[in-house]
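Reader: Could you walk me through how to read the contacts, cores and surface of a model like this?
Author: Gladly; let us take them one by one.

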Amino acid sequence: MLNGKKIGQWVLVVALCIVVASALYTNYLAKQLATEEKKRVEMWAEATNQLILADENTNIDFLTHIIEQNNTIPVYITDSNGTILQSRNVKRPVDDPRTLQGPIEVKISNEITQYIYYDDSLLLKQLSYFPYIQLTIICLFIIVAFVSLYVAQRSEQNRVWVGLSKETAHQLGTPISSLNAWKELLEAKYPDDELIPQMGADVARLQTIAERFSKVGSEPKLSPAPVISILEQAIAYMRTRVSNKVEIELTVASDEEIPWAEMNVNLFGWVLENLIKNAVDAMEGKGKISISVSHKDSEILIDVKDTGKGIDRRKINRVFQPGFTTKKRGWGLGLSLAKRIIEDYHRGKLFVKESEIGKGTTFRIVLKKAENSGAGA
């Protein structure tokens, strides 16, 4: 089955073939019409010449008929100096008829010669413009086709995302309920066990993950939240789950307090965890992750920088595509999902700010400031 990219390529190839074929055929018709017009002008010139030389005994009806038949081709009759003596079918006279096609000589007498110049008819001019008009129409068709394919592809991807997420949340529900029941039994039997609270924290974490999946595809509720506090919570959680060889540092690149942002805390935390996990994988378990926060105008800027292997410039535009991954294990969905959460749900931006092979990568998150909210430090 052809994917959207291949279908788009085929549409482009077919459109180009149509344009080329149309241009060639139109050019052929234009040449044929130009040849016919030249013959008609020559016939008209001959009829004019014969009419001028006719005496009172000559039947001029046929000559007059030929002359009157030309009601489409603009013609000029000039003297040897290029002065216009007479014109026919001319709406916009030219200053110098000698720039047009011709001349065709008309012998008035042995001493006097006049010249006929002619221009393309309106029909021939319209025919010459036709390929450009058709090219414009086909370009519009290609744009509409690509937009339709893109919308259809996005719609299909959204349905897959929503279906997968809802099913994942549903599948997690049963084991989480079971684990909660087992935890309560263990708490009743071993009230002083120090490991049971940790087990409860892990179960609560699973419940948070299930809630995140259940919210994908639904319109999340955004509310003002303190950016710094959310970042600190995510960093604290990830520090306990990565190697002690990984340093995670948070800096505020502003002397002022960072305003709150409109966000869904649960989903935004998921984005941060994905970016940090991605950075840890890029550094192969050792290095430094620097998270800096600043703000300007109506935006809050969050940069997540690692000291990993970096991203090839040719692959930067593909890192957010579903299924793209440079790891041996993984589905390549983390960054794609993170981008959807930020751009589709939070109406912000997520992109690769910079990356250099062997030195690391910086991802930037752009969020909108919350209106009428406090500031968090």
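Author: Take contacts, meaning heavy atoms within 4.5 Å: among those in the chain with a separation of 6 or more, 66% join residues 24 or more positions apart. This is a predicted model, where local features need pLDDT of at least 70, side-chain atom pairs count only at pLDDT 80 or more, and totals for chains, interfaces and linings use all residues. Residues are numbered from 1 along each chain as its sequence is written, and side-chain values use heavy atoms, with hydrogens and water left out.

Reader: What share of the 377 residues in the chain is buried?

Author: Buried means under 20% relative accessible area, exposed over 50%, and partly exposed in between (1.4 Å probe, protein chains only). Here, 35% of the 377 residues are buried.

Reader: Which residues touch the most other members of the largest nonpolar core?

Author: In soluble globular proteins, nonpolar side chains tend to be buried together. A nonpolar core is a set of buried Ala, Val, Leu, Ile, Met, Phe, Trp, Tyr and Cys residues joined through side-chain atoms within 4.5 Å. The largest one has 47 residues, and Val227, Ile248, Phe268, Ile289, Ile291, Ile302 and Ile365 touch the most other members. A second, separate core has ten residues, including Val41, Trp44, Ala45 and Ile116.

Reader: Which residues does Phe268 touch?

Author: Leaving out residues up to four places away in sequence, Phe268 touches Ile230, Met263, Ile302, Ile342, His346, Ile365 and Leu367.

Reader: Is Val151 buried, partly exposed or exposed?

Author: Val151 is partly exposed, with a relative accessible area of 48%.
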